[in-house]
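Please walk me through this model in the viewer, one selection at a time. I would like to know what to select next and what is there.

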Amino acid sequence: MSKKVFFLDRDGVINVDHGYIYKPEQFEFIPGVFDACRTITQHGYHIVVVTNQSGIARGYYTERDFAALTSWMTATFADQGVSLLDVYYCPHHATQGFGKYLLDCNCRKPRPGMLLKAAAQHDISLPASIIVGDKTSDMEAGKRAGLRVCYKVSENAASRRTTTEYVSCKRLIDVTTHFFQAHS
Ligand SMILES: [Mg+2]
Ligand SMILES: [Zn+2]
């Protein structure tokens, strides 16, 4: 059976978006993230991280830095009883990049490349999957990939609001509460 997935943007969903971070000391988990992820997996969904990392294209940090931070993040999730199915990242930028990273690629959100690649590699049903992001580009990528529902998180979301494009919630923990109340 195809897998159902919660695609999670990283910066702004898992950790506070301090801008172009690449070290564990800079990585501040947003409250409720581990509870939310345990709820996701308990309901039979997998977790895949999809993150734009143009800091690599811009030369602020390297793919090695990103890989080291990802290993640390994955281990931290594991310590909390959460296993991540995979982590996808886009190191490119169409106009602000050096060398091979200066590329108008298909993986940088709002394009759906990372979601499509994940679906092919892990036998994921996109129409049964969900994306959670903090930017319109995350919602757009989800929409283009044909996902079931898109959630946009924002610390100043006053209340849950459903538009034709997405549902807005304050944090990931509010997303999971909302989704599993509505779909259980
Ligand atoms: Mg983000
Ligand atoms: Zn890319």
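**Stop one: the metal site**

Select Asp11 to begin: Asp11 is buried, at a relative accessible area of 14%. Buried here means under 20% relative accessible area, exposed over 50%, and partly exposed in between, with a 1.4 Å probe and protein chains only. This is a predicted model, in which local features need pLDDT of at least 70 and side-chain atom pairs count only at pLDDT 80 or more, while totals for chains, interfaces and linings use all residues. Residues are numbered from 1 along each chain as its sequence is written, chains are lettered from A and ligands numbered from 1 in the order in which they are written, and side-chain values use heavy atoms, with hydrogens and water left out.

Now show the magnesium ion (ligand 1). Its protein donors are Asp9 (OD), Asp11 (O) and Asp134 (OD), at 2.1 to 2.2 Å. Donors are N, O and S atoms within 2.8 Å of the metal (3.2 Å for Na, K and Ca); water is not among the atoms, so sites may look incomplete. Along the chain the donors of the magnesium ion (ligand 1) follow the spacing D-x1-D-x122-D. Asp11 is in the loop between strand S1 (5-8) and helix H1 (33-42), and Asp134 in the loop between strand S4 (130-133) and helix H5 (136-144), so the pair ties together parts 123 residues apart in sequence. Helices (H or I, at least four residues) and strands (E, at least two) are DSSP runs, numbered from the N terminus.

**Stop two: Tyr88**

Move to strand S3 (residues 86-90) and select Tyr88. Tyr88 is buried, at 7% relative accessibility. Residues that Tyr88 touches, leaving out those up to four places away in sequence, include Val48, Val50, Met114 and His122; contact means heavy atoms within 4.5 Å. The side chains of Tyr88 and His122 are joined by a polar contact of 3.3 Å, that is, a pair of N or O atoms within 3.5 Å; within protein, one must be able to donate a hydrogen and the other to accept it, and residues adjacent in sequence count only if both atoms are side-chain atoms.

**Stop three: aromatic rings**

Rings of Phe, Tyr and Trp (its six-membered ring) pair if their centres lie within 6.5 Å; planes under 30 degrees apart count as stacked, over 60 as edge-to-face and the rest as tilted. The count is 16 aromatic pairs. In one of them, Phe66 and Tyr89 have ring centres 4.4 Å apart and planes at 35°, so the pair is tilted. Phe66 is buried at 4%, whereas Tyr89 is partly exposed at 28%.
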